Each structure stands twice: as structure tokens, then as C-alpha cells.
Amino acid sequence: MRLQVLLPTEVLVDERVVKVIAEAENGSFCLLPRHIDFVSALVPGILSFYTSDGSECFAAVDEGILVKCDREVFISTLNGVRGSNLSHLQALIDERFLELDEHERKARTALARLEAGTLRSFRELQGKNYG
């Protein structure tokens with residue numbers, strides 16, 4: 001199989017592999033060359049893959065999408081880092097990717113409050129003009 005991990009600014013991985021292990025919301029899964037075509041939403045986690053010479057490689061990936069089509073596996077994610085030290089990669093996920101998710105959640109909450117306040121102000125203005 002050919003594995004490509006695509007970030008917005010670069011291709012993190014582009015290699016021939018014999019096995020890919022990734023993590024979705026309902027747990028980890030493994031893809032082999034003869035598996036059925038497959039699509040999955042990924043959560044921040046460790047991506048493991050085995051090259052054709054048998055060596056195991058790792059990458060920390062943020063949430064994204066995995067698509068397996070025939071013998072091609074494409075992963076599109078906003079952030080990713082390749083490495084060999086699993087504890088370092090896991091710490092990176094915990095610090096960088098999950099922290100970004102928390103900041104995004106807070107920003108969305110603040111935006112929802114602003115939108116609600118704006119709508120409330122429009123309703124008040126409509127009531128004064130037409131009431």
C-alpha cells in the first residue's frame with residue numbers, strides 16, 4: 001500500500017507500507033493491503049505504520065480524515081509530527097493537539113454568546129421601531 005499523510009503545508013509521510021494502525025472515536029483499527037475500501041474520522045493520536053522492510057514508524061496526528069481506496073491510504077490532518085519516541089509523541093498530542101481543541105471549544109462558545117447577543121439586540125431594535 002502507499003500511505004500519504006497530508007498536512008496543509010506539506011506531505012508528512014509518503015511511503016510504501018504493509019500495515020497502518022490509526023485511531024478513531026470508537027478505538028484503534030488496522031488496515032492491511034487487501035482490506036475493503038474504508039473512510040474514517042480520526043481523533044488526535046499515534047499513527048503506526050510498517051514499511052515494506054518491516055520497520056515500525058510513528059507519527060502524532062491531529063484529528064483528520066483517513067481514506068483507503070484500493071492500495072492507497074490518504075490521511076488529511078491539520079497537524080502532524082513524525083518521530084520514533086512514543087512517549088514524546090504522546091506528550092506532544094496531549095500538549096499541542098488536545099490543547100488546540102480546548103482553545104477552539106472556548107472560542108466557539110464565546111462566538112455563540114456574541115451571536116446570541118447580536119440577535120437579541122436586533123430583536124430589541126425591531127421591537128422599538130415597530131412596537
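Predicted model: local features only at pLDDT ≥ 70, side-chain atom pairs only at ≥ 80, totals over all residues.
Helices (H or I, at least four residues) and strands (E, at least two) are DSSP runs, numbered from the N terminus.

Residues are numbered from 1 along each chain as its sequence is written, and side-chain values use heavy atoms, with hydrogens and water left out.

**Burial and contacts**

Of the 131 residues of the chain, 31% count as buried, where buried means under 20% relative accessible area, exposed over 50%, and partly exposed in between (1.4 Å probe, protein chains only). Contact means heavy atoms within 4.5 Å; among the contacts in the chain with a separation of 6 or more, 51% are accounted for by residues 24 or more positions apart.

The table gives the relative accessibility of several residues discussed in this report.

| Residue | Relative accessibility | Class |
|---|---|---|
| Thr77 | 5% | buried |
| Phe29 | 15% | buried |
| Val81 | 24% | partly exposed |
| Phe38 | 29% | partly exposed |
| Asn26 | 75% | exposed |

**Residues in strands and a loop**

Thr77 lies in strand β8, which covers residues 72-77, and at 5% relative accessibility Thr77 counts as buried. Leaving aside neighbours within four places in sequence, Thr77 is in contact with Val5, Leu6, Leu7 and Pro8, and also with Val61, Asp62, Glu63 and Gly64. The side chain of Thr77 reaches the backbone oxygen of Asp62 at 3.1 Å.

Val81 has its place in strand β9, residues 80-83. Apart from neighbours within four places in sequence, Val81 is in contact with Leu12, Ala59, Ala60, Leu89, Leu92 and Arg96. Val81 and Leu12 are 69 residues apart in sequence, and their C-alpha atoms are 7.4 Å apart in space.

Asn26 is placed in the loop between β2 and β3 (27-31), and its relative accessible area of 75% makes Asn26 exposed.

**The aromatic pair**

The structure holds one aromatic pair. The ring centres of Phe29 and Phe38 are 5.0 Å apart and the planes stand at 55°, so the pair is tilted. Rings of Phe, Tyr and Trp (its six-membered ring) pair if their centres lie within 6.5 Å, and planes under 30 degrees apart count as stacked, over 60 as edge-to-face and the rest as tilted.

**The cavity**

One cavity of 30 Å³ or more is present in the structure, and about 30 Å³ of space lies in the largest cavity. A cavity here is a set of points, on a 1 Å grid over the protein atoms alone, where a 1.4 Å probe fits but cannot get out, and lining residues have an atom within 4 Å of a point. The lining of the largest cavity is formed by Ala22, Glu23, Leu42, Val43, Gly45, Ile46, Leu47 and Val61. Two or more of the lining residues come from each of β2 (11-24) and β5 (45-51), and β5 gives the most, with three residues. By class, the lining has six nonpolar, one polar and one charged residues.

Note on methods
1 Å grid on protein atoms, 1.4 Å probe; cavity = no way out; pocket = protein on both sides within 12 Å on 5 of 7 lines; lining within 4 Å. Points joined across faces, edges and corners; volume = space filled by probe spheres on them. Nonpolar A, V, L, I, M, F, W, Y, C, P; charged D, E, K, R; others polar. Polar contact = N/O pair within 3.5 Å; in protein donor to acceptor, adjacent residues only side chain to side chain.
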